[in-house]
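The sequence and model come first, and the notes follow.

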Amino acid sequence: MSEQLDRLQALLAPPALGASMFPPNSRYAGIATATLVQDDGRPVVYLRRRFVPAPERLGLLGEHLVVQGERLDQIAAQELGDAEGFWRVCDANRALRPSDLMAEIGRRLRITLPEGMPGGDNA
């Protein structure tokens with residue numbers, strides 16, 4: 001029983017200083033946190049703002065033509081090898097709402113490298 005409790009406490013514990021609470025493929029990986037102290041003295045930890053990179057700064061890998069019935073997570077899995085990387089396709093195409101990218105059949109979506117990674121046509 002105590003072993004299970006220890007594992008649960010480890011899962012619920014805040015990340016070590018300097019460690020990210022997000023996986024490396026998350027759009028929030030590497031984003032710092034800050035603390036706001038409320039009037040009653042209670043601290044509130046929050047995630048600092050994520051600045052979306054300018055698409056023209058991202059190295060172009062290629063394009064994807066949207067077809068009927070596709071979903072953005074499927075495109076990300078096919079093009080990037082990571083279904084949870086749909087946000088990278090959004091960033092590369094200036095989309096705030098993922099559904100906007102799928103609304104037009106035949107639309108060409110830019111598929112890019114992550115920010116800061118050299119290569120592709122725009123590096």
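The sections below cover the basis of the model, its layout, its core, its surface and its aromatic pair.

## Basis

This is a predicted model, in which local features need pLDDT of at least 70 and side-chain atom pairs count only at pLDDT 80 or more, while totals for chains, interfaces and linings use all residues. Residues are numbered from 1 along each chain as its sequence is written, and side-chain values use heavy atoms, with hydrogens and water left out.

## Layout

The protein has four helices and four strands, taken as DSSP runs numbered from the N terminus (helices: H or I, at least four residues; strands: E, at least two). Along the sequence their order is α-β-β-β-α-α-α-β.

A contact means heavy atoms within 4.5 Å. Of the contacts with a separation of 6 or more, 53% join residues 24 or more positions apart.

## Core

Of the 123 residues in the protein, 25% are buried; buried means under 20% relative accessible area, exposed over 50%, and partly exposed in between (1.4 Å probe, protein chains only). A nonpolar core is a set of buried Ala, Val, Leu, Ile, Met, Phe, Trp, Tyr and Cys residues joined through side-chain atoms within 4.5 Å.

The largest nonpolar core has 12 residues, among them Val66, Leu72, Leu80, Cys90, Met102 and Ile111. Two or more residues each are given by helix H2 (72-80), helix H3 (86-92), helix H4 (98-102) and strand E4 (108-112). H2 has the largest share, with four residues. Apart from neighbours within four places in sequence, Leu80 contacts Leu61, Ile75, Gly85, Arg88, Val89, Ile111 and Thr112.

## Surface

The accessible surface of the protein is about 8,900 Å², and carbon and sulfur atoms hold 55% of that. Such areas come from the Shrake-Rupley method with a 1.4 Å probe; for residues, only the protein chains shown count as cover.

Arg49 sits in the loop between strand E2 (43-47) and strand E3 (60-65). With a relative accessible area of 65%, Arg49 is exposed. Its C-alpha atom is 7.7 Å from that of Ile31, 18 residues away along the chain.

## Aromatic pair

Rings of Phe, Tyr and Trp (its six-membered ring) pair if their centres lie within 6.5 Å; planes under 30 degrees apart count as stacked, over 60 as edge-to-face and the rest as tilted. The count by this rule is one aromatic pair. The ring centres of Phe22 and Tyr28 are 5.6 Å apart and the planes lie at 50°, so the pair is tilted. Phe22 is partly exposed at 26% relative accessibility, and Tyr28 is partly exposed at 32% relative accessible area.
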